[in-house]
Amino acid sequence: MNAPKKQNDGCLWMFLFGLLSLFGYIGVSTVTGLDTTISILIGMVIAGIFATKWVGKPSLKGLVGNALFIFGAIMLLRFFGSVFTQILENTAPPTFNKEEGIEKTVYIENNDTIDVYSSHRIWKDNFGNPYEGTLTVRDDDYRRLRNHIINFKETSSSNNFWGNLYRYLDKTDAPSLDLVMKSFEDINRQKNLNRMEFAEMVVSCIQDIPYSFIFQEQCMPAQNYEPSIREILEECPECCLGNVTYGIQNSVSFLQNLKGDCDTRTVLIYSILKHFNYDVAILNSDFYRHSIIGLNLPTSGIYKLHRGKKYVVWETTAKYFEAGKLPSNFNDITHWDIVLTSK
């Protein structure tokens, strides 16, 4: 007759159970993406099975006590790990290259780490005032939204295709730009900017991002394009993104890869300034094949009159263009139409 299996409440069982629970939690959380508590509990069940098989069965009292202790220990380790990660993120020097490109990193949100795409920007506005901030979007938001533009449906009776498309992009992407809004809020709080200065800070930040062509068709070699496009692509072959629906990137995708043309930028700026309660407009020109923004603010310069309000125009694709000024090759305001307003 076999002797009854000895119950094991000793240190070896607890050590093995704790170690396996930790690795089990990490594995379950990584593979499934489940909630922290559920991942820990599943990891502990798996650990209990293996620890019992290898070391022996504990008493019910010992099992409950060990389980509670290990659960608390893992939660405590996770908390201190999150705090330590946050400290490193806040104190470590920027790891971006001189072009201030995109880095995939992590962000602490609700005591959890999430994958994000971040671009640390260092720029000056059109009056030489220096700024620094980080434009961040969540990886989950990027994956969820990167192809959503194919869902846009234009009604046959509408004669404002671009305005309706921009409205759709703003409505869909703006809720996922909250980390970007927070970055601009932080700058505003530090600098104590007035309304015009804040708009100048936002617009100059987006102006500072190098221009890229966004084509509905596949990108071709530079020599296949007209001189103005060919010249840019010869200097920067990677400054082209092709096979994009309607030839415009949604804002979250733009911030994920920093590739944006005129209306990709105007929609992003529109969403940001609208969030901060500006009366902002998007203007398009079929004649110039270009897109800019307009602001209903008391400042001088070229403006477009719309429903009794003056929208001062603003070029967004090149550095150092102030509000109310346009390049000489497309400054005839009669060729511009307001296609969307925030108010």
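**The disulfides**

Modeller: A search of the whole structure, which is a predicted model, turns up two disulfides. With bonded cysteines counted along the chain, the disulfides follow the pattern 1-4, 2-3.

One of the pairs is Cys219 and Cys240, whose sulfur atoms are 2.0 Å apart. The torsion about the S-S bond of Cys219 and Cys240 is about -95 degrees, which means that the disulfide is left-handed. The two ends of this bond can be described separately. Cys219 has a relative accessibility of 25% and therefore counts as partly exposed. Cys240 has a relative accessible area of 12% and is buried, the cut-off for buried being under 20%.

The other disulfide joins Cys236 to Cys239, with an S to S distance of 1.8 Å. The torsion about the S-S bond of Cys236 and Cys239 is about 70 degrees, so this disulfide is right-handed. Cys236 and Cys239 are both buried.

Cys205, at 1% relative accessibility, counts as buried. Cys262 is also buried, and its relative accessible area is 9%.

Conventions. Residues numbered from 1 in each chain as written. Predicted model: local features only at pLDDT ≥ 70, side-chain atom pairs only at ≥ 80, totals over all residues. Heavy atoms only, no water. Disulfide = S-S within 2.5 Å. Buried < 20%, exposed > 50% of the residue type's maximum accessible area, 1.4 Å probe, protein only.
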